[in-house]
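Biologist: I would like to learn how to read a model from its elements down to single residues. Please take one feature at a time.

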Amino acid sequence: MKIKIEFACSNCLNIFEVEIKDVYFDEVRELHFTPEPECTYCGGTEDVVFSHYGEDQINNMIFRNQIRTGK
């Protein structure tokens with residue numbers, strides 16, 4: 001699966017898209033991405049969160065059962 005998901009960086013306050021190859025829930029229902037989202041402007045990974053649109057994208061994937069469980 002390849003999908004572009006929109007993220008926001010709370011460090012430099014920019015919104016950017018990342019092409020995700022894999023997204024899954026681990027055993028404690030924590031969401032993981034491959035590759036890990038990295039801000040395309042400042043390179044930050046710790047301050048990356050979903051944008052409003054990105055959160056809608058993930059919620060739609062959850063409701064459609066498009067995110068697998070386990071690695």
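Modeller: The protein chain has one helix and six strands. Helices (H or I, at least four residues) and strands (E, at least two) are DSSP runs, numbered from the N terminus. This is a predicted model, in which local features need pLDDT of at least 70 and side-chain atom pairs count only at pLDDT 80 or more, while totals for chains, interfaces and linings use all residues. Residues are numbered from 1 along each chain as its sequence is written, and side-chain values use heavy atoms, with hydrogens and water left out.

Biologist: In what order do the elements of the protein chain run from the N terminus on?

Modeller: The order is β-β-β-β-β-α-β. The radius of gyration of the protein chain is 12 Å, close to the 11 Å from the globule rule for 71 residues, so the chain is as compact as a globular protein of that length. That radius is taken over C-alpha atoms, and the globule rule is 2.2 Å times the number of residues to the power 0.38. Along the principal axes, the C-alpha atoms fill a box of roughly 30 × 20 × 20 Å.

Biologist: What percentage of the 71 residues is buried?

Modeller: Buried means under 20% relative accessible area, exposed over 50%, and partly exposed in between (1.4 Å probe, protein chains only). Buried residues make up 32% of the 71 residues in the protein chain. Strand 1 has five of its seven residues buried, so strand 1 is largely enclosed by the rest of the structure.

Biologist: How do I read strand pairing, and which strands does strand 1 pair with?

Modeller: Strands of a sheet pair through backbone hydrogen bonds, either parallel or antiparallel. Two strands count as paired if DSSP finds at least two bridges between them. Strand 1 runs antiparallel to strand 2 (residues 15–20), with six bridges joining them. In strand 2, Glu19 is the bridge partner of Lys4. The hairpin of these two strands has five residues between the strands, and Leu13 there takes a positive phi near 65°. Strand 1 is also antiparallel to strand 5 (residues 48–50), through three bridges, and Ala8 stands opposite Val49 in strand 5.

Biologist: Which strands form the open sheet, and in what order?

Modeller: Three strands form it in the order 4-3-6, with mixed pairing. The edge strands are strand 4 (31–34) and strand 6 (68–69), each pairing on one side only. Strand 3 (residues 22–25) pairs with strand 4 in the antiparallel sense over four bridges. Across that pair, Tyr24 stands opposite His32 and Asp22 opposite Thr34. With strand 6, strand 3 pairs in the parallel sense over two bridges, and Phe25 has Thr69 as its bridge partner there.

Biologist: What lies between strand 3 and strand 4?

Modeller: The two strands form a hairpin with five residues between them, and Arg29 in the turn has a positive phi of about 65°. Val28 is found in the loop between these strands and is exposed, with a relative accessible area of 61%. The C-alpha atoms of Val28 and Thr69 are separated by 9.7 Å, although the residues are 41 apart along the chain.

Biologist: How should I read a charged residue such as Glu6, and is Glu6 buried or exposed?

Modeller: Lys and Arg count as positive and Asp and Glu as negative; His and the chain ends are not counted. A salt bridge is a side-chain nitrogen of Lys or Arg within 4 Å of a carboxyl oxygen of Asp or Glu. Glu6, in strand 1 (residues 3–9), is buried yet has no salt bridge; Lys4, the nearest side chain of opposite charge, is 11 Å away.

Biologist: What does the side chain of Glu6 join in a polar contact?

Modeller: A polar contact is a pair of N or O atoms within 3.5 Å; within protein, one must be able to donate a hydrogen and the other to accept it, and residues adjacent in sequence count only if both atoms are side-chain atoms. The side chains of Glu6 and Ser51 are joined by one of 2.8 Å. Contact in general means heavy atoms within 4.5 Å. Not counting residues up to four places away in sequence, Glu6 touches residues including Ile15, Phe50 and Tyr53.

Biologist: Where is Tyr53 found?

Modeller: Tyr53 is in helix 1 (residues 52–63) and counts as partly exposed, at 47% relative accessibility.
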